[in-house]
Amino acid sequence: MSPPREWLKPPRSLLLILFLVTLVSVSALAWFGWKVLDQERDVEARRAQERLEQAANRIAATLRGALADTGDRLGAWVMSPPSDGQPDQGLLLIVSDNGFSALPPERLLYRPFPSPEPETEPAAFAEGETLEFQQAQPDKAIDWYRRLADSKNPAVRAGALMRLARVWRRIGRIDEARTAYLDLAALRGVRVAGAPAELVARHELCDLSGSQEDAEALKKDLLRARWQLTRGQFGFYWSEAGRLSGREEAVPEEPALWSEVAALVWEDLKHQQSPRGQSTIWVDRRPYFLIWRGVSGRVAALVARPEAVLKPAVSDGGVSWASVDNEGRVIAGRKSGSGHAVVRTTAETELPWTLYFTGPQGAKEAGMVARQRFLLLVTAVMVLFLIAGAYFMARAIRRDLEVSRMQSDFVAAVSHEFRSPLTSIRQLSEILALGRAPSPERRQVYYETLVRETTRLQRLVEALLNFGRMEAGVRQYRFEELDAAGLVQRVVAEFEPQIADAGRHIELEAAGAPCRIDADPEALSVALRNLVDNALKYSPNCRTVWINWKRDNGRVAIEVRDRGMGIPPSERKAIFRKFYRGSAAAAANVKGSGVGLAMVRHIVAAHGGEITVASEVGQGSTFTMLLPAGADQP
Ligand code: ADP
């Protein structure tokens, strides 16, 4: 047979077939599972897409509705601005030909256009200013301004008080100047030189008193948008208040932005022809949403951050979203790149922005992931089983092969063991039968040799039969209490005549010490004989073999020690298996059958004990039988 065929003989071929069948079935199962999962994934993806489409439609409709509502409300507010407070979000601007109002008013620090009030009668003050500046006659100027300060016209009064205070201050009459400024501050709603009289007066008073508290109060009022100011005015008074309070700060960003937005919207609406509309305006790279409605010269406009408009409508279903203007700039939300996506264009929604929606990733796919994991787990477990099964079968087969190899080695070894005594028995009995023995002494030697050889044969046969019985579990043991020392001495006495000729001997280390054990004397002698026989066989270069016996933790240890070839660590377990022969034994051509130690292990186990080996290659080995001590043992 060719080598591959030889290799593929049963049981290897069986193993291969089993392995292939399992491999194919596991692969098929995994493939099938994967397919099912794949289909499910497709279905799930389609469902998710549908859900997202529905959510997108719902959100777009909600948004459209919200914007239409806002438009309607604006339409109502054009003529009558909301009296009961302010719009929910953003800034409401009502613009007419001659007016501009903002709600909530405090959101605007300054306004986009100068006060519409005309400058108050500069002519009335011209005389006073001539006296004051050109003729340098402060007293006369004071008289002049005082007269004007009694005017019924609040604008004239304000102008006069301001100038009066100025002259007082210039000539060092600070108290009078302060009184005039206090009077001026009391004139609410009046403007002087384009600025609110109260603000002008309070600024001057702060300057006069140098009071930081007053300056702080002025700052607060500026931030509360107490006065209608232009951007320039706000900037001037803000920095003045900062200087006077000793704490100069930048204008807070958020309200300043809203003021800028209002200015832009104002510009936008001024040129706007359409009575209604919506658009996005950008201030400081931030988008603002503008929606307006106009009726006969008046326009109501709402400006808001796009998130404020979009979030309430979109915050459903856990979808991610983004709104993008016509130029592709993201107005609100976040354009995320993963997951299913749905786009709603302005044409579809009639909204001012294109809307992008992406489905939530994690939650929807969680079940999928769990199923995938389960499938992977199942496949992994099956593959693991396959590998483990193949491994164990391979091991079993290898053992099988090894046992059959060892068996044939055993047959060869035993035949050899039989052959040499049989040959000598045949030759000697032939000589004796033919009467060819040269002398009666010689004949006597032949008879003795015949007896020895037949005994040897008998022992061999008995040993094999014994082993067979042990293996089959039918060996009967007869336990009795005996002394280990006596047993050892008996076995040693058997060996002495055989080994004395070769100049070898067995040394008893614990001679005399009694150690009682419960044992079958015959079986234990066989075990000990095997150990001693091995010790002698495997230490050909050392004349002595040692035997020791002692108590050890409630047990009796019988040790057989030699200084022979030793046993490599890799073989120390295997030597107790039947038919196993060590590599060194084979290399040194030491005869044996490989059943000795297996038998020893059987016997010791039947006694409830154990056998151990300690060995070093080239140094020798010690085999120890640990047996339970007898009943009367201390
Ligand atoms: P056998 O001696 O017939 O080969 P055994 O079962 O008695 O079979 O021993 C098994 C193997 O253990 C031997 O082949 C030998 O390699 C190893 N062995 C046993 N006793 C010794 C020893 N005292 N020194 C070295 N090797 C030993």
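**Entry 1: helix 3 against helix 5.** I looked up which residues of helix 3 meet helix 5, taking contact as heavy atoms within 4.5 Å and helices as DSSP runs (H or I, at least four residues) numbered from the N terminus. Phe125, Glu129, Glu132 and Phe133 in helix 3 touch Val156, Gly159, Ala160, Arg163, Arg166, Val167 and Arg170 in helix 5. I note that the residues of this contact comprise five nonpolar, one polar and five charged; Ala, Val, Leu, Ile, Met, Phe, Trp, Tyr, Cys and Pro count as nonpolar, Asp, Glu, Lys and Arg as charged, and the others, Gly among them, as polar.

**Entry 2: basis of the values.** The model is predicted, with local features requiring pLDDT of at least 70 and side-chain atom pairs pLDDT 80 or more, while totals for chains, interfaces and linings use all residues. Residues are numbered from 1 along each chain as its sequence is written, and side-chain values use heavy atoms, without hydrogens and water.

**Entry 3: packing angle.** Helix 3 (residues 122–134) and helix 5 (residues 154–170) have axes 11 Å apart and an angle of about 5 degrees between them. Helix 3 is therefore roughly parallel to helix 5 (angles under 35 degrees count as such). The axes are lines fitted to C-alpha atoms over the stretch in contact, and angles run from 0 to 180 degrees between N-to-C directions.

**Entry 4: ligand.** I found 20 residues around the ligand, the closest being Asn534, Tyr538, Arg581, Ser593 and Leu597; each has a heavy atom within 4 Å of the ligand. A polar side-chain atom of Arg581 lies 2.6 Å from a ligand oxygen atom. For Lys537, a polar side-chain atom is 3.1 Å from an oxygen atom of the ligand.

Definitions and conventions
Helices (H or I, at least four residues) and strands (E, at least two) are DSSP runs, numbered from the N terminus. Angles under 35 degrees count as roughly parallel, over 145 as roughly antiparallel, 65 to 115 as roughly perpendicular and the rest as oblique. A polar contact is a pair of N or O atoms within 3.5 Å; within protein, one must be able to donate a hydrogen and the other to accept it, and residues adjacent in sequence count only if both atoms are side-chain atoms.
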